[in-house]
Amino acid sequence: MRYKVTFLAGVALGYVVGTAAGRERYEGMKKSARRVAQNPVVRNAAETAGQNGRAFAGKAFAAVGDKVGGALPSSVARRVPGLRERGQGYEDEWGTSNT
């Protein structure tokens, strides 16, 4: 019984000390991450990467749409705005138009 009480006291003490140290370490990591995220160089790089990704995705979508658009059933092609007739105005099922 004495060993059980000693063991439980050790576990409780280790838990309290470990969580306090763990919390401090977590707060330090969070502060460092926030500092990096607010760095103008990092923000500009992330914004540029996002813009480049959107541009490449648009080009890939257009290339795939040109190659596959005619192979899709018309019921599918009508529902995908990018596969509809390009450059011409249309109105989709929600009443919004693309002109």
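Predicted model: local features only at pLDDT ≥ 70, side-chain atom pairs only at ≥ 80, totals over all residues.

Started with the surface: I found a nonpolar patch made of Phe7, Leu8 and Val11, with about 320 Å² of accessible area together.

Looked up Val11 next. Val11 sits in helix H1, which covers residues 2-37. Is Val11 buried, exposed or partly exposed? I get 43% relative accessibility; buried would need under 20% and exposed over 50%, so Val11 goes down as partly exposed.

Then I stepped back to the whole chain. I count three helices and two strands, and reading along the sequence I get α-α-α-β-β. How much of the chain is buried? Buried residues come to 6% of the 99 residues.

Last stop, helix H2. H2 runs over residues 40-68, which is 29 residues. From its first C-alpha to its last I have 41 Å, close to the 42 Å expected at 1.5 Å a residue. I also checked what caps the N-terminal end of H2, and Asn39 does that. A side-chain oxygen of Asn39 lies 3.1 Å from the backbone nitrogen of Val41.

Conventions: Residues numbered from 1 in each chain as written. Heavy atoms only, no water. Patch = residues over 30% accessible without salt bridge, like charges linked within 9 Å, V, L, I, M, F, W, Y side chains within 5 Å. Areas by Shrake-Rupley, 256 points an atom, 1.4 Å probe, with all protein chains shown as cover. Salt bridge = Lys/Arg side-chain N within 4 Å of Asp/Glu carboxyl O. Helix = DSSP H or I, 4+ residues; strand = E, 2+ residues; numbered from the N terminus. Buried < 20%, exposed > 50% of the residue type's maximum accessible area, 1.4 Å probe, protein only. Expected span 1.5 Å × (residues − 1). Polar contact = N/O pair within 3.5 Å; in protein donor to acceptor, adjacent residues only side chain to side chain.
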